[in-house]
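Student: I'd like to learn how to read a few features of a protein model. Can we walk through one together?

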Amino acid sequence: MNIYVRELKSHRKSLIIWCIGVFLMVVSGMQKYAGLSSSGQSLNDLFQDMPKSLQVVMGVGELDMNKVSGYYGMLFIYLLLMATIHAAMLGATIISKEERDKTSEFLFVKPVSRTKIIIAKLLAAFTNILIFNLVTWGSSIVIVGKYADGESVNGDIAITMMGMFILQLLFMA
């Protein structure tokens, strides 16, 4: 339990920075949606005039950009990119940092089995990913709900967050 708490404390600052970043990403993305939707021009027409390759890169495809759920679907690709980078960095450093900091010998001579050490570290990484996912989910529901104009987006956001959580676990592993 001591190792678990220590790992959570050591990753606290980076988790806060990542959570602020994802929150600001959702806020700025939805403010762009508000600006584009109030301009009077159809977002679908705007994106259809782009070349197909640029549409694919931006993730537009078949999404209805005039609805908040379609715009959030495009924004979600970038949120997913942030989440997977966070998970990959966390997974890469959670165990290897002991070798990097030359503290592995100190840790392994403690009266705790190596299995318990690895499990505690992986549980701390899982907790970090869960917190990151919950912050993303909560900020998405609140901010996208503000622009929804009666459109039900909570179910769509929940499904995308479950997919994001699975991808985070894969990248962490």
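Tutor: Let's start with patches: they are made of residues with over 30% relative accessible area and no salt bridge, with like charges joined within 9 Å and nonpolar side chains (Val, Leu, Ile, Met, Phe, Trp, Tyr) within 5 Å. A salt bridge is a side-chain nitrogen of Lys or Arg within 4 Å of a carboxyl oxygen of Asp or Glu. Areas come from the Shrake-Rupley method with a 1.4 Å probe, and for residues only the protein chains shown count as cover.

Tutor: This is a predicted model, where local features need pLDDT of at least 70 and side-chain atom pairs pLDDT 80 or more, while totals for chains, interfaces and linings use all residues. Residues are numbered from 1 along each chain as its sequence is written, and side-chain values use heavy atoms, leaving out hydrogens and water.

Student: Which residues form a nonpolar patch on the surface?

Tutor: I16, I20, F23 and L24 do, and together they have about 370 Å² of accessible area. I16 is found in helix 2 (residues 12–38); helices are DSSP runs of H or I, at least four residues, numbered from the N terminus.

Student: Is T84 buried or exposed?

Tutor: Buried means under 20% relative accessible area, exposed over 50%, and partly exposed in between. T84 counts as buried because its relative accessibility is 11%. I16, at 46%, is partly exposed.

Student: What does T84 touch?

Tutor: Contact means heavy atoms within 4.5 Å. Leaving aside residues up to four places away in sequence, T84 touches L167 and F171. T84 sits in helix 5 (residues 68–100).

How values were computed: Helix = DSSP H or I, 4+ residues; strand = E, 2+ residues; numbered from the N terminus. Buried < 20%, exposed > 50% of the residue type's maximum accessible area, 1.4 Å probe, protein only.
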